[in-house]
Amino acid sequence: MPPKFLFTDLGGVILTNGWDHSSRECAAEHFGLDPHELQRRHEAVFPNYEQGFNTLEEYLDFAVFHQPRSFGKPEFVEFMERQSLPYPDMIDYVKRLKAKHNLKVVAVSNEGRELARYRIDTYDLRSFIDSFIVSAFVGRRKPYADIFRLALEVAGAEKQEVVYLDDRQMLAQGAHDFGIDAIWHRSLEQTKRELEERGLAS
């Protein structure tokens, strides 16, 4: 039987990554920051932000604004938000799959609260995603089993009813190890082929 539920990452599948290494390098260049210091301070605090333990303001206080700057937080946050862009072809494809196969679509994503809300609202992700299991919303992160377990419970799904997409092999492997069929997403065409093999033709 084809899957009844499509679980998907957001960054790298539906949208660009929200605040990855390349985005931080761009920010360092744009604002005249030391990229190595930004990376060190980011690594020290970002996991807590991504799991919902800190606000975006608290993250920025530690990572960027630990010393006086010639720019303010609103300017920096706006730059962060501009790093998020949609993948229109992938979004259209998921919408077609959802309509054709009556799929339930569930986002399972490691994201900070404020950035996730911005991305969900800006790109109208609620128009085709039924539930958002976002690390900052639920206090759990991939690749650990508990976030996938929660996603199943929220969706009302069994493991064998789900296929999961993630652009990071390690995170796809985490879902696989938990018992969920997972696809390492590298391109739209490759993912199409793999989903067609599972009975989800567009």
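Start by selecting Phe76, Val77, Phe79 and Met80, the buried residues of helix α4 (buried means under 20% relative accessible area, exposed over 50%, partly exposed in between, with a 1.4 Å probe and protein chains only). These residues span an arc of only 155° around the axis, so they sit on the same side of α4 (the arc is that of the directions from the helix axis to the C-beta atoms). They pack against α1 (21-31), α3 and α6, where contact means heavy atoms within 4.5 Å. Helices (H or I, at least four residues) and strands (E, at least two) are DSSP runs, numbered from the N terminus.

A word on what you're looking at: this is a predicted model, in which local features need pLDDT of at least 70 and side-chain atom pairs count only at pLDDT 80 or more, while totals for chains, interfaces and linings use all residues. Residues are numbered from 1 along each chain as its sequence is written, and side-chain values use heavy atoms, with hydrogens and water left out.

Next, show helix α3 (residues 56-63) together with helix α4 (residues 73-82): they pack at an angle of about 105°, with their axes 12 Å apart. That's why α3 counts as roughly perpendicular to α4. Axes here are lines fitted to C-alpha atoms, for helices over the stretch in contact, and angles run from 0 to 180 degrees between N-to-C directions. Angles under 35 degrees count as roughly parallel, over 145 as roughly antiparallel, 65 to 115 as roughly perpendicular and the rest as oblique. To see where the two helices meet, pick Leu56, Glu57, Tyr59, Leu60 and Asp61 in α3, then Lys73, Phe76, Val77 and Met80 in α4.

Now jump to helix α6 (residues 113-122) and select its buried residues, Leu115, Ala116, Arg119 and Ile120. Their arc around the axis is only 130°, which puts them on the same side of α6. Among the elements covering them are α2, α4, β3 (131-134) and α7 (135-138).

Which residue with a positive phi follows α6? It's Asp124, with phi near 50°, and it lies in the loop between α6 and β3. Asp124 isn't a glycine, and at 46% relative accessibility it counts as partly exposed. For background, most residues other than glycine have a negative phi, and most peptide bonds are trans.

Asn102 is another stop of this kind: its phi is positive, about 55°, although it is not a glycine. Look for Asn102 in the loop between α5 (88-101) and β2 (104-109). Asn102 is exposed, with a relative accessible area of 66%.

While you're checking the backbone, zoom in on the bond from Lys142 to Pro143, which is cis, with omega near 10°. Pro143 is in the loop between α7 and α8.

From there, select helix α8 (residues 145-155) and helix α9 (residues 169-178), which pack at an angle of about 65° with their axes 9 Å apart. These two are therefore roughly perpendicular to each other. Ala145, Phe148, Arg149 and Leu152 in α8 meet Leu171, Gly174, Ala175 and Phe178 in α9.

Last stop: His42, in helix α2 (residues 35-50). Is His42 buried or exposed? It counts as buried, at 5% relative accessibility. Leaving out residues up to four places away in sequence, His42 touches Trp19, Arg24, Pro47, Tyr59 and Ala63.
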